[in-house]
Amino acid sequence: MATNMLSIFRPVLVAALLCVAQQALAILPIEQWQTSSGAKVFFVANRGLPMLDVSVDFPAGSGYDISAKAGVAAMTNGLLRMGADGLGEDDIARRFADIGAALGGRFDSDRAGLSLRTLSDPQQRLPALDLLARLLRAPAFPAAVLSREKARQIGALKEADLKPDSQAGRMFYRLVFREHPYALRSVGEVDTVGAMTRDDLLGFYQQHYVAERAVIAIMGDVTRTQAEGIAEQLTRGLPRAKGAVAALPPVLPLERAITRVVAHPATQSHILIGAPGIRRSDPDYFPLFVGNQILGGGGFVSRINEEVRQKRGLAYSAYSYFSPRQVPGPFVIGMQTRRDQADEALAVTRKTLRDFVSNGPTEKELLAAKQNIVGGFPMRIDSNRKIHEYLAVIGFYNLPVSYLEDFVANIERVTVADIKTAFARHVDPDKLVTVVVGADKDQTVTAPAAR
């Protein structure tokens with residue numbers, strides 16, 4: 001009876017959730033423009049709370065490192081907050097604390113920048129924004145702080161190199177991305193960090209933290225006119241571009257399957273399987289997003305977790321995800337299992353993936369995935385902070401300004417055929433990297449290149 005009642009009311013529930021999401025978005029129009037220096041600005045006014053969230057991002061992530069200087073991008077971003085315009089790191093921390101503002105940062109393979117959360121009252125807002133602008137336009141990269149951070153980072157790298165999960169991730173990215181900068185460890189290697197100089201950081205800053213390529217996201221209790229002033233203030237004095245826009249190289253597809261088994265005394269084998277996936281702007285983003293919810297991104301109800309964990313007890317958790325980036329980021333399947341179960345876990349996972357790519361999901365699985373995503377959507381936009389994060393993503397990856405308004409409709413229109421076609425286009429079960437760390441001996445198995 002309970003099941004029948006759920007079936008009756010299910011369409012009503014979905015419609016209600018859709019209305020909630022639409023109503024939440026209806027009051028949050030996104031405005032966009034460019035500053036006088038060419039920086040892109042994305043703004044949502046919310047006068048309901050006396051808060052302001054601001055971020056300034058640049059195409060300055062680890063993907064812009066070179067092999068000989070891996071880690072420079074991360075160190076540059078980290079030291080932006082540790083000395084600028086005559087202020088030391090203690091001065092900066094104290095000034096933000098005195099006005100109750102929180103300084104943050106963002107760093108990944110594609111982008112890097114600083115963020116600020118402050119009260120919108122001018123007594124707090126104005127000094128907080130002035131301090132943020134000083135950090136952006138005049139970082140000092142103090143030699144003493146750099147020396148300390150290098151020592152700290154080298155210690156962390158040496159410790160990470162002993163851990164099986166770190167070894168698996170490092171090997172996986174090297175095999176998937178090969179000569180591409182995405183293959184580099186974002187925080188660098190012991191030798192590259194050790195060789196880092198202040199001139200390296202200053203040069204990276206001047207090349208990548210330029211006004212024309214900045215993306216500013218502003219969310220909160222200010223007017224459009226005030227937001228325009230904030231954007232001009234934060235980009236005034238930034239370096240200017242001296243050449244063409246820095247572009248990441250293309251990611252090449254895998255030519256063959258390769259399995260790398262690494263000896264390690266750990267009781268658990270750490271397993272990663274995958275290949276290059278998609279860029280953030282790929283037209284197949286939504287079919288793959290929904291499809292992966294069914295394959296391995298939906299927790300206990302996903303196929304991989306059901307087959308590997310629930311039915312056979314081969315792992316505590318097993319999952320999959322796409323990590324879309326400026327150029328194709330990784331598609332990843334991961335798990336941990338007992339050493340003596342690693343072969344069985346791999347066989348089950350590979351069969352599950354192959355079946356999914358060949359046949360796609362069922363209509364029942366698709367309906368459940370859509371309900372889960374649509375039902376959770378209002379919680380994705382229920383705070384200034386979350387909406388601000390979306391603004392930054394929309395701006396950086398050149399997504400439609402209507403992205404949030406269209407999100408639910410884009411999910412709802414995905415079909416089984418869309419998912420099957422998208423997975424067949426982007427995931428080839430015969431051309432995957434497999435890394436297993438936690439075995440008795442090293443082993444490498446390379447399949448012949450496909451003709």
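Author: G298 lies in the loop between α10 and α11. The model is predicted. Leaving aside neighbours within four places in sequence, G298 is in contact with N292 and Q293. V251 is 47 residues away from G298 along the chain, and the two C-alpha atoms are separated by 28 Å.

Helix α10 covers residues 285-297 and packs against helix α16, residues 416-426. Their axes are 9 Å apart, at an angle of about 95 degrees. An angle of 65 to 115 degrees counts as roughly perpendicular, so α10 is roughly perpendicular to α16. On the α10 side, the contact uses P287, L288, V290, G291, N292, I294 and L295. On the α16 side, it uses D418, I419, A422, F423 and H426. By class, this contact has eight nonpolar, three polar and one charged residues.

Within four places in sequence its neighbours are set aside; beyond them, F423 is in contact with P287, L288, G291, N292, L295, F322, F356 and V357. The largest nonpolar core has 134 residues, and I218, Y403 and F423 touch the most other members. In soluble globular proteins, nonpolar side chains tend to be buried together.

Helix α11 spans residues 303-310, and its buried residues are R303, I304, N305, E307 and V308. Their cover includes α10, β11 (318-322), β12 (330-338), α12 and α13.

Two of those covering helices can be taken in turn. Helix α12 (residues 342-359) holds T349. T349 has 1% relative accessibility, so T349 counts as buried. Apart from neighbours within four places in sequence, T349 is in contact with I273, V308, I333 and M335. V308 is one of the buried residues of α11.

Helix α13 runs over residues 363-380, 18 residues in all. From first C-alpha to last, α13 reaches 25 Å, close to the 26 Å expected at 1.5 Å a residue. Its buried residues are L366, A369, K370, I373, V374, G376, F377 and P378. An α-helix has 3.6 residues a turn, so residues three or four places apart point the same way.

Next comes helix α14 (residues 384-396), where R385 lies. R385 has a relative accessible area of 48% and is partly exposed. Not counting residues up to four places away in sequence, R385 touches D53 and R117. M219 is 166 residues from R385 in sequence, yet their C-alpha atoms are 8.0 Å apart in space.

The loop between α14 and α15 (403-412) contains N398. Phi of N398 is near 55 degrees, a positive value in a residue other than glycine. Most residues other than glycine have a negative phi. With 56% relative accessibility, N398 counts as exposed.

Another positive phi belongs to F141, near 45 degrees. F141 sits in the loop between α4 and α5. Its relative accessible area is 0%, so F141 is buried. N398, by contrast, is exposed.

P139 is in this loop too, between α4 (122-137) and α5 (143-160). P139 has 9% relative accessibility; that counts as buried. Beyond four places in sequence, P139 is in contact with L80, G83, A84, R134 and Y205. V348 lies 209 residues from P139 in sequence and 52 Å from P139 in space, C-alpha to C-alpha.

That leaves the packing of α4. The axes of α4 and helix α9 (residues 224-235) come within 9 Å and cross at roughly 30 degrees. Angles under 35 degrees count as roughly parallel, so α4 and α9 are roughly parallel to each other. From α4, the contact takes in R125, L129, D130, L132, A133 and L136. From α9, it takes in Q226, I230, Q233 and L234. The residues of this contact divide into six nonpolar, two polar and two charged.

α10 is roughly perpendicular to α16. α4 and α9 are roughly parallel.

Technical notes. Residues numbered from 1 in each chain as written. Predicted model: local features only at pLDDT ≥ 70, side-chain atom pairs only at ≥ 80, totals over all residues. Heavy atoms only, no water. Helix = DSSP H or I, 4+ residues; strand = E, 2+ residues; numbered from the N terminus. Expected span 1.5 Å × (residues − 1). Buried < 20%, exposed > 50% of the residue type's maximum accessible area, 1.4 Å probe, protein only. Axes fitted to C-alpha atoms, helices over the stretch in contact; angles between N-to-C directions. Parallel < 35°, antiparallel > 145°, perpendicular 65-115°, else oblique. Contact = heavy atoms within 4.5 Å. Nonpolar A, V, L, I, M, F, W, Y, C, P; charged D, E, K, R; others polar. Core = buried A, V, L, I, M, F, W, Y, C linked by side-chain atoms within 4.5 Å.
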